[in-house]
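Subject: Structure for your review

Dear colleague,

Please find the structure below, handed over for your further work. A written account of the findings comes after it.

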Amino acid sequence: MAKKPSFTCQACGAAHSKWSGRCEACGAWNSIVEEKPLSAGPASKTLGGRRGTPVMLTDLATEEAPPPRARSGVEEFDRVLGGGLVPASAILVGGDPGIGKSTLLLQAAASFARNGLKCIYVSGEEASAQVRMRAARLGLTDAPVRLAAETNLRDILTTLEAEKPDLAVIDSIQTMWADNVESAPGSVAQVRAASHELTSFAKRHGVSVVLVGHVTKDGQIAGPRVVEHMVDTVLYFEGERGHQFRILRAVKNRFGPADEIGVFEMTGGGLAEVANPSALFLSEREKPAPGSVVFAGIEGTRPVLVELQALVAPSSLAQPRRSVLGWDSGRLAMILAVLEARVGIPFAGLDVYLNVAGGMKISEPAADLAVAAALLSAREDVGVPPETVVFGEISLSGALRPVAQAENRLKEAQKLGFTTAIAPAGSKFGEGSGMQVRTMDDLVSFVGEVFGA
Ligand code: TYD
Ligand code: MG
């Protein structure tokens, strides 16, 4: 029986029975290609493959320990990698154009090179002279990094095979071009092929590769999601335009904790590490005002204090505005609904704006209570008590749920001069943070105690 042709979206992997210009599953254009079905396998008696020899797990233990991770000395970068660079690993660094990916990786490569690693920086976007100019601006001209300007994948792999570096940076994966794939550089098929070649090269030859990937408007690495599956570690480099803060965030890491962040500041001389992000995020804080609340959060393994700002104003729209920056809009809708249904405070007819200061993005549900506090403070035009941090998760019933690492949150707050914390009852605080903690069971008692309503 002849097999039906099968068409697969190269961006999301969805299968279709016929070709079309746009994938209905993910919305990508020109991503559907025909994939020839595999010929029927050999009869089961003679599979015809080569026999491998599985190794006993217990035998592996006697082998020597894995080679140590290489540290760049850029603490914020090493931490996001999970404590340094694992040999023969493949890392994807994604981010908006112009956010500073090339700057970050040139600086990181230079630091690794100064620590004795052999590093090659392959630029498909700039000529070597331009990269050198950038390096001069960053004060890196003494670092023994090898530069190459090349886009042909075959040439790059041949070079890497001959040079045998410890680390190769490919900037960017969208400019790479495999001559055995018939589509333009930057297309899904090319990005996929180039990523596959480079990651398997990394494993075979013990070279760590860093792939730089541009992100599309909706925040995905241009081209296939499958690239994220191919690599060991996926890092996103984020920041708001107009802010000098940049955050390197691990979203996947086979060799370390995901959700770890590294904080940098873009300066005239490149990216500077920010060892104490809380101080930086709060440094822009004006006088405490209604609508402003400090949230004691945890990012990865580190406590980080950030300011949440809310504005609530009468709306002239039939459907009032709900505008959020740095937090999930669905979660905001939920908190507004809980405030209305469980505490009887309506937001109908009011525009609501919520902003996480400093260009941070928060994904922790532990920010719920701080968001509710900011919203109420803005709505009632009453400031929360000064020198106070807030954290806690809100459930649909209006109850407050304890969150993890309460003690670390308190310690960080105390370090930055805060004296009081508002937290859910049942949180585990440990001993002696020196903070005064006001615990509450539910949103109703929170509103009563803090806003006297
Ligand atoms: P770049 O690393 O080229 O971004 P990407 O590779 O992500 O596209 O960074 C570009 C921006 O960074 C550019 O707007 C200028 C700014 N920049 C500085 O502010 N200071 C510096 O020292 C450097 C090198 C760049
Ligand atoms: Mg660049």
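Predicted model: local features only at pLDDT ≥ 70, side-chain atom pairs only at ≥ 80, totals over all residues.

Residues are numbered from 1 along each chain as its sequence is written, and chains are lettered from A and ligands numbered from 1 in the order in which they are written. Helices (H or I, at least four residues) and strands (E, at least two) are DSSP runs, numbered from the N terminus.

Ligand 1. The shell holds 15 residues, of which Gly 100, Lys 101, Ser 102, Thr 103 and Gly 270 come nearest; a residue is near a molecule if its C-beta atom, placed from the backbone, lies within 6 Å of it. Helices H3 (101–114) and H4 (128–137) each contribute at least two residues to this shell, and H3 gives the largest share, with 3 residues. By class, the shell has 4 nonpolar, 8 polar and 3 charged residues. Here Ala, Val, Leu, Ile, Met, Phe, Trp, Tyr, Cys and Pro count as nonpolar, Asp, Glu, Lys and Arg as charged, and the others, Gly among them, as polar.

Strand E7. All 5 of the 5 residues of E7 (167–171) are buried, meaning that 20 or more other C-beta atoms lie within 10 Å of the residue's own, with C-beta atoms placed from the backbone. Leu 167, Val 169 and Asp 171 cover one side, and Ala 168 and Ile 170 the other. E7 pairs in the parallel sense with E8 (208–214) over 5 bridges; two strands pair if DSSP finds at least two bridges between them. Val 169 has Val 210 of E8 as its bridge partner. Strand E5 (119–123) also runs parallel to E7, joined by 5 bridges, and Ile 120 stands opposite Ala 168.

Open sheet. Three strands lie in the order E2-E1-E3 with antiparallel pairing. E2 (15–16) and E3 (32–35) are at the edges with a single partner strand each, so one side of each has no neighbour in the sheet. E1 (6–9) is joined to E3 by 4 bridges, and Cys 9 has Ile 32 as its bridge partner there.

Helices H9 and H12. The axes of H9 (329–343) and H12 (443–451), lines fitted to C-alpha atoms over the stretch in contact, come within 10 Å and cross at roughly 85°. This makes H9 roughly perpendicular to H12 (65 to 115 degrees).

Yours sincerely

Technical notes
Axes fitted to C-alpha atoms, helices over the stretch in contact; angles between N-to-C directions. Parallel < 35°, antiparallel > 145°, perpendicular 65-115°, else oblique. Buried ≥ 20, exposed ≤ 12 C-beta atoms within 10 Å, placed from the backbone.
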